[in-house]
Amino acid sequence: GFSWTLPDHPKLPKGKPVAVVVLDGWGEANADQYNCIHVAQTPVMDSLKNGAPERWRLVKAHGTAVGLPSDDDMGNSEVGHNALGAGRIFAQGAKLVDQALASGKIYEGDGFNYIKESFENGTLHLIGLLSDGGVHSRLDQLQLLLKGASERGAKRIRVHILTDGRDVLDGSSVGFVETLENDLSQLREKGIDAQIASGGGRMYVTMDRYENDWDVVKRGWDAQVLGEAPHKFKSALEAVKTLRAEPNANDQYLPPFVIVDDSGKAVGPVLDGDAVVTINFRADRMVMLAKALEYADFDKFDRVRVPKIRYAGMLQYDGELKLPSRYLVSPPEIERTSGEYLVKNGICTFACSETVKFGHVTFFWNGNRSGYFDETKEEYVEIPSDSGITFNVAPKMKALEIAEKARDALLSGKFDQVRVNLPNGDMVGHTGDIEATVVACKAADEAVKIILDAVEQVGGIYVVTADHGNAEDMVKRNKAGKPALDKSGGIQILTSHTLQPVPVAIGGPGLHPGVKFRNDIQTPGLANVAATVMNLHGFEAPADYETTLIEVADN
Ligand code: 3PG
Ligand code: CO
C-alpha cells in the first residue's frame, strides 16, 4: 500500500541543513543592456555560474515543462513554485480551462449549473483580468465563456474588466477592450443585453494578493458590486483611453471606473439574484475577492451592501479553505508535495518571504494549499511588504530582512530546510523600470550572499534557483532577438515574464563531494528540483516524481 515513508538515499547522508533559495524572476539570457541581471553587480550569482560546471545548470521554467498549454507560454510564479514544490508536472489551470471549454464539460458541471439558476431573472457578472497573458486568465477563454453562457440562457451579462500591462505590454488594454466590445456588440445583436460595467487597473483594483492591501479589493468591490467609482464613462473604450492619457498612467494602475447610462446610473452593479463568476484561473490574486463575495462573516472592509448571489470561481482557488465552494473547473490535484513528504519524514522547515511573495514559498510550494502540514515541524514567516507603492521606488524591497531571517533560522539549528523567495527581480521587473531593476538584482544577490555565508557556517547545503525569467530581459524582441521597435521607432519595455530558462546551483560544505549534475536527462525543468532537494536531505524521491538532477560519484 501507499506509504509516506521515503527510502534512505543510498549514498547521501541525513542531517545537513539545506537552504533553498528561489530568486523570483531570475532567468538566463544573453548579456546586453536590457539584461538587468547582467548589468547589475551580482558577484555571488556570477561565482555560482562560473564555479564548478557540474554544480550549476539551466532548467526549463516555462511552457509544457511547467504544465502550461504550450511552449509559447512564459513561466510564472504559480506554476513555477508548484513544479518546484510538487516535483511533478500537472496540467495547470490555463490548460484545464482550455480543455473544459473545448469539450463543453465546463457547462455540464455543478458550478455552471449552479450559476445558471440565476440566468432567468438575474444578471451574469464576469469579473477578471482582461488580456491574453495566460498567467491569471485569457481573453479567448472569456470569449468562449460569453458565447457558451449566452447560448445556455444568460440574457443579461455584465463584464467587469481589470486591465493588465503586467503579463502583456503596457498599452495593450485598449486593443483588448476593443476586442471585447466587439464581441459584446455581436451578443447584443442577438438580443442579449451584454455590456462592460466597470473596470480598473489590476494592481490598483481587485487583484491584490496575500492580503497586502485590502483597499485594492475594496476599490473593486465599490465599482463592481456597488456601482460606485470616482470615474464614470459612457463606454469602457472611452474610459481606458481617457484614463491612460493622464500623466504617468499605465494599464496596471488605472483608477476604478464604472460605466453609466444616459441618466448617469451605473449599468451593472451586482444585485440580489445575480450570478457572479471570477474568470481568473490563477488563485493568488482572486482569493481576496472570493472571500468578499462568499463569506457571510467578513471584516476586511465595509461591503456596505452584500447582494444574495450565486458565485462561482473559474477554479477553486484554495483547496484547504475550499474557496470558493462553487467553481466551473476543478483545479489540478497537486497532492503529495515534497513539503508534505519531508515533514512526514521528520524534516523541520522554515519558509520565509515578504508579503507579496509569501504565498509563493508556502501556498504555491505546497500545491495551492494554505496553512501548515504539521505546525510542530514548520515555521512560515512573512515579512510585511511595503504597500501602496510600486516597487521601482524601493527596489531593494525586503531582500535583506528575508536573508537575515533565513540566516537566523539556519544558525538556530532548529531547521533542516530553510526556504526563501527573493522577490526583487520579478516585482521590480514588472514595473518596467530598468534602472530600478538593476538595483533590485544587486539587492537579491546580496541577500543570497548572506544566506550562503550562513550555510557555510553551519556546514550545510544550498540550492539556489528561480521560478521563471523576468529581470534578464526587459525589452520586447523581434524574431531575430533584437529589440522590436514600435511605430515611433522606440523600444517597447517588457514588463512581463519571459520564456528563458533559469539556473539551478548546488553547493555548500555539507554537500557530498561526489555530487554532480547528471547529463543524461533530456531538457529538465523546475519539476526536477524537488527530487534533488529530497536527495540532499538524505532521501530517495517517490517513484513518480520527476527524476533528480544529481548523481553521486563514488570517491
Ligand atoms: C503577478 O501576478 O504579479 C504577475 O501576473 C505574475 O507574476 P508572478 O507569477 O511572478 O507572481
Ligand atoms: Co512576476
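Eight strands, in the order 6-7-5-4-3-8-9-10, make up an open sheet of mixed pairing; strands pair if DSSP finds at least two bridges between them. Helices (H or I, at least four residues) and strands (E, at least two) are DSSP runs numbered from the N terminus. This is a predicted model, in which local features need pLDDT of at least 70 and side-chain atom pairs count only at pLDDT 80 or more, while totals for chains, interfaces and linings use all residues. Residues are numbered from 1 along each chain as its sequence is written, and chains are lettered from A and ligands numbered from 1 in the order in which they are written.

**The open sheet**

- Strand 6 (231-233) and strand 10 (327-329) are at the edges with a single partner strand each, so one side of each has no neighbour in the sheet.
- From one strand to the next, the twist averages 20°; axes are lines fitted to C-alpha atoms, for helices over the stretch in contact, and angles run from 0 to 180 degrees between N-to-C directions.
- Strand 8 (residues 275-278) and strand 9 (residues 310-315) run parallel and are joined by 4 bridges; T278 has G313 in strand 9 as its bridge partner.
- Helix 6 (residues 139-151) packs on the sheet, where it touches strand 3 and strand 4, and its direction makes about 170° with that of strand 3.
- Helix 8 also packs on the sheet, touching strand 3, strand 4, strand 5 and strand 7, with its direction at about 160° to that of strand 5.

**Helix 8**

- Helix 8 (residues 214-226) is mostly covered, as 10 of its 13 residues are buried; a residue is buried if 20 or more other C-beta atoms, placed from the backbone, lie within 10 Å of its own, exposed if 12 or fewer, and partly exposed in between.
- Among the buried residues are K218, R219, W221 and D222.
- The cover over the buried residues includes strand 3 (124-130), strand 4 (156-163), strand 5 (193-201), strand 7 (257-259) and helix 10 (287-294).

**Strand 1**

- In strand 1 (residues 18-23), 6 of 6 residues are buried: V18, V20 and V22 lie on one side, and A19, V21 and L23 on the other.
- Strand 1 pairs in the parallel sense with strand 13 (residues 417-422) over 6 bridges, and A19 stands opposite V418 there.
- Strand 1 also pairs in the parallel sense with strand 14 (residues 461-466) over 6 bridges, where Y462 is the bridge partner of A19.

**Domains**

- The domain assignment gives domain 1 (18-90 + 334-552) and domain 2 (94-329); such bounds come from an automatic or database assignment.
- The centres of the two domains, taken over C-alpha atoms, are 31 Å apart.
- The contact takes 23 residues from domain 1 and 23 residues from domain 2; residues are in contact if their C-beta atoms, placed from the backbone, lie within 7 Å.
- Helix 12 (residues 355-364) supplies 4 residues, the largest share of the side of domain 1 that touches domain 2.
- That side of domain 1 divides into 4 nonpolar, 15 polar and 4 charged residues; Ala, Val, Leu, Ile, Met, Phe, Trp, Tyr, Cys and Pro count as nonpolar, Asp, Glu, Lys and Arg as charged, and the others, Gly among them, as polar.

**Ligand 1**

- The residues surrounding ligand 1 include D24, E78, H136, R166, R285 and H430; a residue is near a molecule if its C-beta atom, placed from the backbone, lies within 6 Å of it.
- The shell has 1 nonpolar, 5 polar and 6 charged residues, and at least three residues come from each of domain 1 and domain 2.

Definitions and conventions: Two residues are in contact if their C-beta atoms, placed from the backbone, lie within 7 Å.
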